Every structure is written in structure tokens, then in C-alpha cells.
Amino acid sequence: MSKLPTDNDLMTRLANGDKQALYIIYDRYAPALYGVILRMCRNRVQAEDLLQESFVKIWQNAHRYDRTKGRFYTWAYRIAKNIGLNALRKPMPLIQNEDLSVHSNKEDATTIDYTGLNGALKKLEPHHQKAIELVYFRGYTHREAHEEMDVPLGTFKSYVRQALKLLRESYGTELMITWSILQILA
């Protein structure tokens with residue numbers, strides 16, 4: 001019967017770059033360290049990331065572990081806790097990861113009928129249609145669009161403002177707001 005390696009044996013092997021030792025240490029201590037991190041951040045996905053970061057740090061700093069100063073678990077616990085605290089101090093990312101749509105049910109968002117809006121666009125004067133098309137459907141800035149239409153910038157802005165006013169009147173304010181939000185998000 002083979003004897004299980006001690007934590008000190010595993011840390012010696014780990015300090016010499018033995019990946020198998022890391023796997024054994026991970027199997028022994030990952031659940032406990034995950035629990036510590038999860039209690040701190042209260043987010044399973046973030047806790048998994050921080051656990052991975054903790055074991056990378058354990059791997060990279062295995063040569064610093066001093067068995068005379070304490071048990072391995074105490075050392076690993078301190079690493080995991082410090083990584084968790086550092087993560088909590090970092091500002092939240094600016095990238096939006098959550099769906100902030102106004103509809104609680106996705107079915108509601110897909111049932112909006114835009115055929116009336118398309119019909120309302122076709123009722124506009126040609127210069128108004130062109131202004132809306134350039135800005136909202138082709139992504140031009142006002143400066144680019146007024147050059148495309150070969151009109152002064154102020155005149156172009158008036159075209160857009162007049163077109164939006166006509167659309168609001170003919171289509172309704174609520175759906176115009178929804179349409180405008182969808183265009184901005186697209």
C-alpha cells in the first residue's frame with residue numbers, strides 16, 4: 001500500500017516544477033479555498049476565476065513556501081483571501097455583461113410591429129428620408145451626412161429634426177422612443 005504524499009512533500013515537488021504535485025494539491029484544497037473565496041465575493045463565476053488565479057499564484061510562488069512558518073493550508077488560505085480582497089477592491093468593469101432591456105420577457109421585445117414605422121418613413125419628403133437613412137441606418141455622423149447630401153450642416157440638422165417630428169406625429173411617441181433606443185443599441 002502506497003503512502004499518500006504529505007503537503008510538505010508536495011510543496012517540495014511543486015517548487016521543482018512537478019505539475020502532478022499541483023494536481024494533487026488542487027484536489028485536496030480547491031473545495032475549501034473555493035468556499036473561502038465564494039463567501040467573500042458571492043459570485044460563483046468570479047469565485048472560480050479567483051480560485052484559478054490563486055492556484056496560479058501557488059504554482060508560481062511554491063519556492064517561497066516555508067514549512068517552518070505554518071501549514072500549507074494556512075499559506076494557501078492567505079493567498080486565496082488576498083486575491084479575493086484585491087478583486088473586491090477593483091472597480092467594476094465598464095463592459096456591460098447584463099441585459100438591460102426594458103422587456104422582462106424576450107417575447108415582448110420581438111413582437112413589436114415595425115411595418116407601420118417603415119410606412120411612415122416612406123411618407124416623408126425625399127430629403128427627410130435621405131437624412132434619416134444616412135444617420136440612423138448607415139451610421140453617418142451629421143458632418144459626414146451633410147457633405148453627402150451637399151447641404152449646409154444647419155440645414156441637414158433641420159432635416160433630421162423635421163423628419164423625427166413628422167415620424168413622431170404619424171407613428172406615436174412610445175414606439176419612436178423604442179425605435180430610437182434600438183437604433184442606438186444596434
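How exposed is Arg 28, in terms of relative accessible area? Select Arg 28: the residue is partly exposed, with a relative accessible area of 32%. Here buried means under 20% relative accessible area, exposed over 50%, and partly exposed in between, with a 1.4 Å probe and protein chains only.

The model is predicted, so local features need pLDDT of at least 70 and side-chain atom pairs pLDDT 80 or more, while totals for chains, interfaces and linings use all residues. Residues are numbered from 1 along each chain as its sequence is written, and side-chain values use heavy atoms, leaving out hydrogens and water.

**The whole chain**

Show the protein chain as a cartoon. There are ten helices and zero strands; helices (H or I, at least four residues) and strands (E, at least two) are DSSP runs, numbered from the N terminus. Of the 186 residues, 30% are buried.

**Arg 28 and Asp 7**

A salt bridge is a side-chain nitrogen of Lys or Arg within 4 Å of a carboxyl oxygen of Asp or Glu. Arg 28 lies in helix 2 and Asp 7 in helix 1, so the pair ties together parts that are 21 residues apart in sequence.

Keep Asp 7 selected. At 18% relative accessibility, Asp 7 counts as buried.

**Arg 13 and Asp 18**

Select this pair next. Arg 13 forms a salt bridge with Asp 18, and the closest N and O atoms are 2.7 Å apart. Arg 13 is partly exposed at 30% relative accessibility, and Asp 18 is partly exposed at 25%.

**Helix 3**

Select residues 44-60, which make up helix 3.

Then colour Ala 47, Leu 50, Leu 51, Ser 54, Phe 55 and Ile 58, the buried residues of helix 3. They cover an arc of only 140° around the axis (taken from the directions from the helix axis to the C-beta atoms), which puts them on the same side of helix 3. The face turned away from that buried side carries the exposed residues Val 45, Gln 52 and Gln 60.

Notes:
Expected span 1.5 Å × (residues − 1).
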